Amino acid sequence: MASNPPAACCASGFKHEGAPTGELKNIDGVNTYIAYPKDKNPEKAVIFVADIFGIYVNAQLLADEFANNGYLTIIPDIFQGDQISLSDMQSGKADLPSWLPNHQPANVEPVIESTIKYARETLGVKKIGAVGYCFGGKYVCRNLKPGQIDVGYTAHPSFVTHEELGAIKGPLSIAAAETDSIFTTQLRHESEETLIKAAQPWQINLFSGVTHGFAVRADLTDPKQKWAKEQAFCQAVAWFNQYL
């Protein structure tokens with residue numbers, strides 16, 4: 001494994017405050033959040049593959065920020081209404097071992113594929129980037145190939161195999177946490193070797209003083225976590241500006 005399966009830390013974090021400015025649409029039976037840049041017909045888009053909480057305020061606010069930076073951003077509901085709820089997280093009822101078997105590649109990939117098709121064929125997007133947080137990182141790697149995703153970014157990925165990472169066919173940027181039981185120090189170093197062999201442009205930025213989930217669920221009252229989250233976002237935008 002290039003990163004371990006999700007663990008308890010995947011079901012922890014902080015809800016962010018703000019009013020999302022995008023819109024929710026049903027696209028081919030999939031609930032989808034779309035954040036529009038000023039140019040509502042851009043040639044470049046970002047598909048946002050969420051963590052286990054799916055389409056919720058933290059993800060929507062991040063999508064809005066990608067849109068503010070010029071990228072039409074699409075969050076498909078990869079869990080088809082069966083995301084882990086924030087209330088279950090807060091009460092300690094989140095049961096990942098029971099939940100995960102229903103959200104394997106056979107369940108998730110069709111949603112990713114239909115979203116890519118919608119972006120390219122319906123919206124006329126010519127180049128697609130993708131961001132994947134935690135759970136979503138696996139699907140950025142799996143689909144980083146010609147005709148699907150052109151450029152990838154993932155923060156604290158989980159469930160990624162070395163085979164998936166080694167098979168990427170486009171530029172990939174990774175934001176990593178110093179303390180992470182899923183994307184561990186050892187697995188991070190192994191991933192470096194895998195990425196070198198993949199012979200695609202790659203980047204791994206390591207942020208000190210933060211844990212798994214910081215790029216989407218940081219405690220924004222903590223200046224160190226807030227700074228790391230913001231810099232991880234800037235990392236993604238800079239990567240897309242360079243390669244997308």
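Here are some notes on this predicted model, point by point.

1. Ground rules. Residues are numbered from 1 along each chain as its sequence is written. Because the model is predicted, local features need pLDDT of at least 70, side-chain atom pairs count only at pLDDT 80 or more, and totals for chains, interfaces and linings use all residues, while side-chain values use heavy atoms, with hydrogens and water left out.

2. The sheet. There's an open sheet of 8 strands, ordered β1-β2-β4-β3-β5-β6-β7-β8 with mixed pairing. Helices (H or I, at least four residues) and strands (E, at least two) are DSSP runs, numbered from the N terminus, and two strands pair if DSSP finds at least two bridges between them. At the edges sit β1 (23-27) and β8 (202-211), each pairing on one side only. On average, neighbouring strands of the sheet are turned by 20° against each other, direction ignored.

3. β2 (residues 30-35) runs antiparallel to β4 (residues 72-76), with 4 bridges. If you want a spot to look at, Thr 32 stands opposite Pro 76 in β4.

4. Helix α7 on the sheet. α7 (residues 185-198) lies across β7 (172-179) and β8, at about 170° to β8. Axes here are lines fitted to C-alpha atoms, for helices over the stretch in contact (heavy atoms within 4.5 Å), and angles run from 0 to 180 degrees between N-to-C directions.

5. Which residues of α7 are buried? They are Leu 187, Arg 188, Ser 191, Thr 194, Leu 195 and Ala 198. These cover an arc of only 115° around the axis, so they are on the same side of α7; the arc is that of the directions from the helix axis to the C-beta atoms. On the other side, Gln 186, Ile 196 and Lys 197 are exposed. Buried means under 20% relative accessible area, exposed over 50%, partly exposed in between (1.4 Å probe, protein chains only). The cover over the buried residues includes α6, β7 and β8. Just after α7, Ala 199 takes a positive phi of about 60°.

6. Leu 165. This residue is in helix α6 (residues 162-166) and counts as buried, at 2% relative accessibility.

7. Asp 51. You'll find Asp 51 in the loop between β3 (44-49) and α1 (57-68), and with a relative accessible area of 2% it is buried. Its side chain makes a polar contact of 3.1 Å with that of Tyr 56. A polar contact is a pair of N or O atoms within 3.5 Å; within protein, one must be able to donate a hydrogen and the other to accept it, and residues adjacent in sequence count only if both atoms are side-chain atoms.
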